[in-house]
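Look at the sequence and the structure below. This report covers pockets and ring contacts.

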Amino acid sequence: EIQSTEKKIEAKRKLMPDYLDYLDGVLAADVGAQDPVITTLLVWLLDVGDYLPALQVADYCLRHELQLPDRFNRNVATLLLDEVSDAALKGQLHGTDALAILARVDLLTHGLDAHDQARAKLHKAIGWALMGKTSTKDVDAKTLPPGICRMALDHLQRAIELNPQVGVKKDVERLERRVKHEVPAT
């Protein structure tokens with residue numbers, strides 16, 4: 001019944017320890033029964049930014065094909081793609097931590113059904129993380145190593161393929177110019 005998102009996150013952070021023993025027991029048993037507490041805890045872990053435990057719970061939910069409660073209006077793969085990508089794009093995840101967590105999300109959701117927009121957002125987040133960019137920080141592509149430019153470009157181009165309105169066209173143009181002017185190794 002809390003209206004403020006900030007206060008909801010604060011409340012979840014305070015309540016989370018009460019559920020950790022239950023969560024550990026369910027993950028250890030690895031039974032895979034549909035459990036709204038587990039799927040709700042996945043959402044809470046993502047909301048409070050506790051990404052490593054969230055990825056463990058997501059792995060369990062995805063392996064056992066658990067469904068989120070109806071109020072979430074999406075499947076586990078889409079939730080994971082959306083929430084972790086948003087965190088990286090907003091700068092709540094950065095550097096090698098962002099890349100590792102985004103790569104794990106990519107691996108966990110690979111081949112699973114999810115909205116193209118959510119998967120495009122993941123590719124955008126990976127591309128931006130490679131560039132060291134967040135929504136508040138622009139990066140000069142000229143300062144990036146050529147290999148990083150190529151990897152980031154691949155992800156951003158894939159993002160556009162999945163969702164032309166993903167918002168990376170200028171980044172793609174900058175990276176294409178950087179890669180084009182790269183001196184080939186002999």
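## Pockets and rings

By class, eight nonpolar, four polar and eight charged residues line the largest pocket. The second largest pocket takes two or more lining residues from each of helix 4 (51-63) and helix 5.

This is a predicted model: local features need pLDDT of at least 70, side-chain atom pairs count only at pLDDT 80 or more, and totals for chains, interfaces and linings use all residues. Residues are numbered from 1 along each chain as its sequence is written, and side-chain values use heavy atoms, without hydrogens and water.

A pocket is an open set of points on a 1 Å grid where a 1.4 Å probe fits, with protein on both sides within 12 Å along at least five of seven lines; lining residues have an atom within 4 Å of a point.

| Pocket | Volume | Lining |
|---|---|---|
| Largest | About 490 Å³ | Eight nonpolar, four polar, eight charged residues |

Helix 3 gives the largest share of the largest pocket's lining, five residues.

Now the rings. The whole structure holds one aromatic pair (ring centres within 6.5 Å). Tyr-19 and Trp-44 form this pair, 5.8 Å centre to centre. Their planes stand at 90°, which is edge-to-face (over 60 degrees). Tyr-19 is partly exposed at 32% relative accessible area (between 20% and 50%, 1.4 Å probe, protein chains only). Trp-44 is buried at 16% (under 20%).

Lys-124 lies over the face of Trp-128, 4.7 Å from the ring centre (NZ within 6 Å of the centre and within 35 degrees of the ring normal).

Technical notes:
Grid points are joined across faces, edges and corners, and a volume is the space filled by probe spheres set on the points. Helices (H or I, at least four residues) and strands (E, at least two) are DSSP runs, numbered from the N terminus. Ala, Val, Leu, Ile, Met, Phe, Trp, Tyr, Cys and Pro count as nonpolar, Asp, Glu, Lys and Arg as charged, and the others, Gly among them, as polar. Rings of Phe, Tyr and Trp (its six-membered ring) pair if their centres lie within 6.5 Å; planes under 30 degrees apart count as stacked, over 60 as edge-to-face and the rest as tilted.
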